[in-house]
Amino acid sequence: VKVRGFRIELGEIESVLGEHAAVKNVIVLAKEVRPGDTRLVAYVVSANKDRPTIEDLREFMRSRLPDYMLPATFVFLDEMPLTPSGKIDRKVLPMPDLSRPELQVEYVEARNETEEKLVKICRDLLNVDKVGVYDNFFDLGGHSLLATQFMSRLRDQFNVEIPLRTLFEKPTVDELAQVVEAAAQSTRAPIPAIKAVSREGRKVRLSSIQKDG
């Protein structure tokens, strides 16, 4: 399949994700979750009651697959739906819930105007209905291409220059808001006033124009 301009082997993703000790079964589909928004969705059946976290699965895959092959969305199932012949019925796999992924961090809504603007950028780019200030951009489904778009929108919104690597180093709204506010504050720093200097007792060299005059 082709997703975001990349040709992707779904079977390769399933093979890697299936090697995780906590994964019993997995199916990966390229699914149009919203009009114009096709993303990789991983349907996972856990090997035990304590199912793995999204962060754990993405970190496990990141060491084996390129960024563009990491599923943007994970759906955990008790069992895979089967056809009467016993094969996995891919047609009835549920649509993912786009309200907010199940993350380890508690949801905390935006607390000021800067965070509200950053949350909106995340929601628009990631097509996630709820983004908490401590949610990791990449755990929400972000990837390097979206990271570039995110920083472009950030610059347009706040009129500050922040390098792309900052998003990888500080991938939460809370951290980015602090960076944005610090950058904005530095651009608003007052220009030092020019102090008048007394010329009394000093010999001041005339300019060429003054000499000609």
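The chain reaches E5 from E4 by way of helix H2 (residues 54-62), in a β-α-β crossover that is right-handed, that is, with the strands pointing away from the viewer, the path from the first strand over the helix to the second runs clockwise.

E4 and E5 run parallel and are joined by five bridges, where strands count as paired if DSSP finds at least two bridges between them. Val-45 has Leu-77 of E5 as its bridge partner. Helices (H or I, at least four residues) and strands (E, at least two) are DSSP runs, numbered from the N terminus.

## Basis of the model

This is a predicted model, in which local features need pLDDT of at least 70 and side-chain atom pairs count only at pLDDT 80 or more, while totals for chains, interfaces and linings use all residues. Residues are numbered from 1 along each chain as its sequence is written, and side-chain values use heavy atoms, with hydrogens and water left out.

## Arg-39 in strand E4

Arg-39 belongs to strand E4 (residues 37-46) and counts as buried because its relative accessible area is 6%. Its side chain makes a polar contact of 3.0 Å with the side chain of Thr-73; such a contact is a pair of N or O atoms within 3.5 Å, and within protein one must be able to donate a hydrogen and the other to accept it, residues adjacent in sequence counting only if both atoms are side-chain atoms.

## Aromatic rings

The structure holds three aromatic pairs, a pair being rings of Phe, Tyr or Trp (its six-membered ring) with centres within 6.5 Å, and planes under 30 degrees apart counting as stacked, over 60 as edge-to-face and the rest as tilted. Phe-137 and Phe-138 are edge-to-face, at 5.1 Å centre to centre and 90° between the planes, whereas Phe-138 and Phe-168 are stacked, at 4.9 Å and 25°. Phe-138 is buried because its relative accessibility is 9%, while Phe-168 is partly exposed because its relative accessibility is 44%. Phe-137, Phe-138, Phe-150 and Phe-168 form one aromatic cluster.

Key
Buried < 20%, exposed > 50% of the residue type's maximum accessible area, 1.4 Å probe, protein only.
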